[in-house]
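I opened my notebook to look up one structure, entry by entry. Here is what I wrote down.

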Amino acid sequence: MSKTATFYHAGCSVCIAAENNLATAIDTSRYNVESVHLGNDQSRIAEAESAGVKSVPALVIDGEAFHINFGASLSDLK
């Protein structure tokens, strides 16, 4: 059974580069990767905050938020 890993981003060039590298970085036999563009789906910002995301791009996997690079603060997306 696969778990879900959630990739939160804002569509910036840093975020897109990180998203493009996820395919080779995540074991897709263990994780289904959901990509959430917070610039387009602001209703999920609170969800990202609850998961520990402070800035995007970030990957939440197994309940932990991993900040890949600083593209934008979540407060900038509100």
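**Entry 1: Leu-77.** I began with the contacts of Leu-77. Leaving out residues up to four places away in sequence, Leu-77 touches Ala-10, Leu-38, Gln-42, Ile-45 and Val-56. Contact here means heavy atoms within 4.5 Å. I placed Leu-77 in helix α3. Leu-77 is buried, because its relative accessible area is 13%. Buried means under 20% relative accessible area, exposed means over 50%, and partly exposed lies in between (1.4 Å probe, protein chains only). I also looked up a separation: Leu-77 and Tyr-31 are 46 residues apart in sequence and 27 Å apart in space, C-alpha to C-alpha.

**Entry 2: ground rules.** I noted that this is a predicted model, where local features need pLDDT of at least 70, side-chain atom pairs count only at pLDDT 80 or more, and totals for chains, interfaces and linings use all residues. Residues are numbered from 1 along each chain as its sequence is written, and side-chain values use heavy atoms, with hydrogens and water left out.

**Entry 3: the whole chain.** I listed three helices and four strands in the protein chain. Helices (H or I, at least four residues) and strands (E, at least two) are DSSP runs, numbered from the N terminus. Read from the N terminus, the order is β-α-β-α-β-β-α.

Next I looked up the overall size. The C-alpha atoms of the protein chain fill a box of roughly 35 × 25 × 20 Å along the principal axes. The radius of gyration of the protein chain is 12 Å, which agrees with the value near 12 Å for a compact globule of 78 residues. That radius is taken over C-alpha atoms, and the globule rule is 2.2 Å times the number of residues to the power 0.38.

I then checked burial. Of the 78 residues in the protein chain, 35% are buried. I looked at contacts between residues at least 6 apart in sequence, and 61% of them join residues at least 24 apart.

**Entry 4: charges.** How many positive and negative side chains does the protein chain have? I found 5 positive and 9 negative, and the centres of the two sets lie 5 Å apart. Lys and Arg count as positive and Asp and Glu as negative, while His and the chain ends are not counted. The place of a charge is NZ of Lys, CZ of Arg, CG of Asp or CD of Glu.

**Entry 5: the cores.** The largest nonpolar core has 13 residues, and Tyr-8, Leu-38, Ala-48, Val-53, Val-56, Leu-74 and Leu-77 touch the most other members. The elements that give two or more residues to this core are α2 (45-50), β3 and α3 (74-77). The largest share, three residues, comes from β3. Another core lies apart from it, with eight residues, among them Phe-7, Tyr-31, Leu-59 and Ile-61. A nonpolar core is a set of buried Ala, Val, Leu, Ile, Met, Phe, Trp, Tyr and Cys residues joined through side-chain atoms within 4.5 Å.

Entry 6: Ser-55 lies in strand β3, residues 55-61. Is Ser-55 buried or exposed? Ser-55 is buried, because its relative accessible area is 7%. Not counting residues up to four places away in sequence, Ser-55 touches His-67, Asn-69, Phe-70, Ala-72, Ser-73 and Leu-74.

Pro-57 is in strand β3 too. The peptide bond from Val-56 to Pro-57 is cis, with omega near 5 degrees.

Asp-62 is in the loop between β3 and β4 (64-73). Its phi is near 55 degrees, a positive value in a residue other than glycine. Asp-62 is partly exposed, with a relative accessible area of 48%.

**Entry 7: strand β1.** His-9 lies in strand β1, residues 3-9. His-9 counts as buried, at 4% relative accessibility. Beyond four places in sequence, His-9 has contacts including Cys-15, Glu-19, Ser-35 and Val-56.

Lys-3 is in strand β1 as well. Lys-3 is partly exposed, with a relative accessible area of 43%. Not counting residues up to four places away in sequence, Lys-3 touches Arg-30, Tyr-31, Asn-32 and Asp-62.

**Entry 8: Asp-41.** Where is Asp-41? I found Asp-41 in the loop between β2 (31-37) and α2. Asp-41 is partly exposed, with a relative accessible area of 28%.
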